[in-house]
Amino acid sequence: MNGRTMQPTPLNPTRLGLFWPRRTLQSAKEGTVPQHTHAATRLTDRLAGNTPPALGAFLPANFPDRTSCVDLLHALVQHGADILEIGVPAAEPSLDGPTISAAYRQALAQGTHMDDVFVTVGEAAETGAPVVVMSYWQSVLDHGIQRFACGLAEAGAAGAMIPDLPLNQAEPWLAAAHSAGIHAPQFAPRTADDAQLTRIGDAASGWIYAPAAHAATGYEGSLDIRALDRFTARVRATTEHPVVAGIGISTPAHARQVAAHVDGVVVGTPLVRPLLTQPRPAATAQTKALVGAFADALRTPASPCAA
């Protein structure tokens, strides 16, 4: 995109009083690197100014059920996903629309707990694609901040984003993620001013998540590409982190429009919807086909006249 080498901005371990976990230090002494460290590096390498943009594919953990979820995650990579995003099912997903909310309810009704999420992450990491977890803050608090970070690291995750965590309350999570050696991407709301974007960039590692629409997940309206271009330019002026867009990228045509302005595109609701509304074999086939269509769209430049 912008040709710059993009690396996560490290937190200051002295200021935060951090120490690297024994497992990481021991691995360094033995000349090996933990699995999650490889994943975090693959994530930043894939997003670092490459074209076409990376495609992130989202699926809630244990949805539509545990076995189908793992099989689908592997299939998503085979059909073009570069990054896998796994959602932690939440009872009150305030930033999500009806489709992902319904998928979360289904996963919770099947008894999904955080330990099940870690198992799913571990099996998804076997694809070789970086795995990022999306979680609401309450779920992290309920499990324990450090336990959550360490559980993800042990499972092989590259990082986790907590979109509803206010930045002025985020230091315990940022410290835990840093000490576990995983990324903590940050959500940049479209309403953020330049000072806020600077603080978001300073806190982030991995990437900055810039919503393509100012809406809940599942938005299917038109996208203001010029406004997105202005916003991503403001984000890039405050940080060297890659910029990833999601929310509102409901069709491959939308992905093609957005591609020139970001380093990655995340798709969730379009992949989840068939699994809620159609019989399983047809739904699975449609979700796989959709991933392929989004991947193909990112490889096809949009018309210079597209708005």
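Which backbone oxygen lies 3.3 Å from a polar atom of the side chain of arginine 236? Select arginine 236 in this predicted model, and you will find that the backbone oxygen is that of histidine 261. Arginine 236 itself belongs to helix α11, which covers residues 225-238, and with a relative accessible area of 15% this arginine is buried.

Before moving on, colour the model by confidence: the average pLDDT is 86, and 85% of the residues score at least 70, whereas pLDDT stays under 50 over residues 1-34.

Next, select valine 258, which, apart from its neighbours within four places in sequence, is in contact with Leu223, Ile225, Leu228, Ala245, Ile249 and Val265. Valine 258 is also among the residues that touch the most other members of the largest nonpolar core, a set of 94 residues, together with Val121, Phe148, Leu152, Trp173 and Trp207.

From there, turn to the aromatic rings, where the count comes to three pairs. Phenylalanine 118 and phenylalanine 148 form a tilted pair, 6.4 Å from centre to centre and with 45 degrees between the planes. Because phenylalanine 118 lies in helix α6 (residues 114-125) and phenylalanine 148 in helix α8 (residues 145-155), this pair ties together parts that are 30 residues apart in sequence. Phenylalanine 118 is buried at 12% relative accessible area, and phenylalanine 148 is buried at 0%.

Finally, select phenylalanine 187 and tyrosine 209, whose ring centres are 5.7 Å apart and whose planes stand at 20 degrees, so the pair is stacked. Phenylalanine 187 sits in strand β5 and tyrosine 209 in strand β6, 22 residues apart; phenylalanine 187 is partly exposed, while tyrosine 209 is buried.

Conventions. Residues are numbered from 1 along each chain as its sequence is written. This is a predicted model: local features need pLDDT of at least 70, side-chain atom pairs count only at pLDDT 80 or more; totals for chains, interfaces and linings use all residues. Side-chain values use heavy atoms; hydrogens and water are left out. A nonpolar core is a set of buried Ala, Val, Leu, Ile, Met, Phe, Trp, Tyr and Cys residues joined through side-chain atoms within 4.5 Å. Buried means under 20% relative accessible area, exposed over 50%, partly exposed in between (1.4 Å probe, protein chains only). Contact means heavy atoms within 4.5 Å. Helices (H or I, at least four residues) and strands (E, at least two) are DSSP runs, numbered from the N terminus. A polar contact is a pair of N or O atoms within 3.5 Å; within protein, one must be able to donate a hydrogen and the other to accept it, and residues adjacent in sequence count only if both atoms are side-chain atoms. pLDDT is the predictor's confidence in each residue, from 0 to 100. Rings of Phe, Tyr and Trp (its six-membered ring) pair if their centres lie within 6.5 Å; planes under 30 degrees apart count as stacked, over 60 as edge-to-face and the rest as tilted.
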